[in-house]
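Me: Hi! I've got a structure to go through with you. Could you help me with some residues in it?

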Amino acid sequence: MTARLPVFPLGTVLFPGLVLPLHIFEERYRALIRDLVQLPEGAAREFGVVAIQAGWEVAPTAPDGRPVPGGGEVTLHEVGCTAELRQVTELPDGGFDIVTVGRRRFRIAEVDRSAAYLTAEVEWLPEPGGADEAAELLAARVISVFRQYLGLIRPEQQEISEQLPEDPTVLSHLVAATAALTVEDRQRLLAIDDTTTRLRTELRLLNREAALLRQVRAVPVPLEELASPPTPN
């Protein structure tokens, strides 16, 4: 099953169930938000968030403030996640502060660059359903290793480790969004269709990161933490 979505390229990866606040200042994305707000009651107010593979989030502009023709083109990863509008605050300058929540994963089939903002034909990706014994066992191991990892990277925030979800799929998305991973690592995790494989991959990544932290005895600060990070819904 396919659908057409407006697409918002970002330098980060959104996961289902995670909160993503955004400040909308470019005119093309202001138009996107206005279009979503004007949809009839009950319609899905969502757009696709896709991590940028090459290029820039913000289109270059001329000295007069107008977009440069042909500028701002980006290469996108294939797999993204829809962001559902939960809160919209219009600002005096015409921009918006919005709060969104990741909803469902998709794979881009075709990108259309002819409109004011990007749209894409997308295929919805499957989500696991029902209990999975292997996932439950892996979730317990991931929780244990993730708590150790958080103790190394955020020793002053121990309360975070006490609030980890028990649902394996929810846990897998939270770990992927919270750990100090590269965009490429997060993108690979988002593209995995089954929870068991995602948790197994996260276990390997967490062990790798924890070993590096112990070895260098230094805490890296990823660039995305300079902005507002996603938080569990």
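Me: How many residues apart are Phe146 and Tyr149 in helix 2?
Reply: This is a predicted model. In it, Phe146 and Tyr149 are 3 residues apart in helix 2 (residues 133-153), so about one helical turn separates them.

Me: And how many aromatic pairs are there in the whole structure?
Reply: The search finds 4. In one of them, the ring centres of Phe106 and Trp124 lie 6.4 Å apart with the planes at 85°, so that pair is edge-to-face. Phe106 belongs to strand 6 (residues 96-112) and Trp124 to strand 7 (residues 119-124), 18 residues apart, so the pair links distant parts of the chain. Phe146 and Tyr149 also pair, and they are stacked, with 6.1 Å centre to centre and 15° between the planes.

Me: Is Phe106 buried or exposed?
Reply: Phe106 is buried, at 0% relative accessible area.

Me: What sits over the ring of Trp124?
Reply: The charged end of Arg104 does, 3.7 Å from the ring centre.

Me: Changing topic: where is Arg30?
Reply: Arg30 is in helix 1 (residues 27-37). Its relative accessible area is 13%, so Arg30 counts as buried.

Me: Which backbone oxygen does the Arg30 side chain reach?
Reply: That of Phe25, at 3.1 Å. Leaving aside residues up to four places away in sequence, Arg30 touches several residues, including Asp93 and Phe96.

Me: Last one: where is Thr182?
Reply: Thr182 is in the loop between helix 3 (168-178) and helix 4 (183-191). Thr182 is partly exposed, with 39% relative accessibility. Thr12 is 170 residues away from Thr182 in sequence, yet their C-alpha atoms are 9.1 Å apart in space.

Terms used:
Residues numbered from 1 in each chain as written. Predicted model: local features only at pLDDT ≥ 70, side-chain atom pairs only at ≥ 80, totals over all residues. Heavy atoms only, no water. Helix = DSSP H or I, 4+ residues; strand = E, 2+ residues; numbered from the N terminus. Buried < 20%, exposed > 50% of the residue type's maximum accessible area, 1.4 Å probe, protein only. Polar contact = N/O pair within 3.5 Å; in protein donor to acceptor, adjacent residues only side chain to side chain. Contact = heavy atoms within 4.5 Å. Phe/Tyr/Trp six-rings, centres within 6.5 Å; stacked < 30°, edge-to-face > 60°. Lys NZ or Arg CZ within 6 Å of the ring centre and 35° of its normal.
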